[in-house]
Amino acid sequence: MQLLSTLKQAIRKSVVILSLAILIVTSGFVMGGQPSFAEEASPLATEKSFSEVIKNPTSRNAAYEEAVKATKDPNGLEKEYKKEMKVYKEEHPSENPVVEGVKEAVEKVTGKE
């Protein structure tokens, strides 16, 4: 008798575990896969210029010399950053213009402009 009740409990537990596993697997199919953002082709602004530099060795040397000049100038890195941001904003105009306006207003108020 004890053996029969233990066997019933084991069968019930295995049925519950099996049904939960089936539920989890089917919920994955029903919900569908979320799209992967890694598959989207959205190159960075620097990738475009970087690929052009790699193709031409003379422009690679010129880019190196330009980088050396930028590091020697106290404001050189800031200028290069602004130039890269300008290229990025031209390639990615999707940023909200209201956000840009707020950023400019904050810069004016804080005196960083």
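**The salt bridges, pair by pair**

Modeller: Let's begin with K79 and D73, whose side chains meet in a salt bridge with N and O 3.6 Å apart. The term means a side-chain nitrogen of Lys or Arg within 4 Å of a carboxyl oxygen of Asp or Glu. Before going on, please note that this is a predicted model, in which local features need pLDDT of at least 70 and side-chain atom pairs count only at pLDDT 80 or more, while totals for chains, interfaces and linings use all residues. Residues are numbered from 1 along each chain as its sequence is written, and side-chain values use heavy atoms, with hydrogens and water left out.

How open are the two partners? K79 is exposed, at 53% relative accessible area, whereas D73 is partly exposed, at 31%. Here buried means under 20% relative accessible area, exposed over 50%, and partly exposed in between (1.4 Å probe, protein chains only).

One partner of K83 is E66, with the side chains meeting at 2.8 Å, N to O. This pair links distant parts of the chain, since K83 sits in helix α4 and E66 in helix α3 (residues 57–72), 17 residues apart. Helices are DSSP runs of H or I, at least four residues, and strands are runs of E, at least two; both are numbered from the N terminus. Both ends of the pair are partly exposed: K83 has 39% relative accessibility and E66 has 38%.

K83 also forms a salt bridge with E80, where the closest N and O atoms are 3.5 Å apart. Through shared partners, salt bridges join E66, E80 and K83 into one network.

To place these pairs in the whole, the chain holds 5 helices and 0 strands, in the order α-α-α-α-α along the sequence. Of its 113 residues, 4% count as buried.
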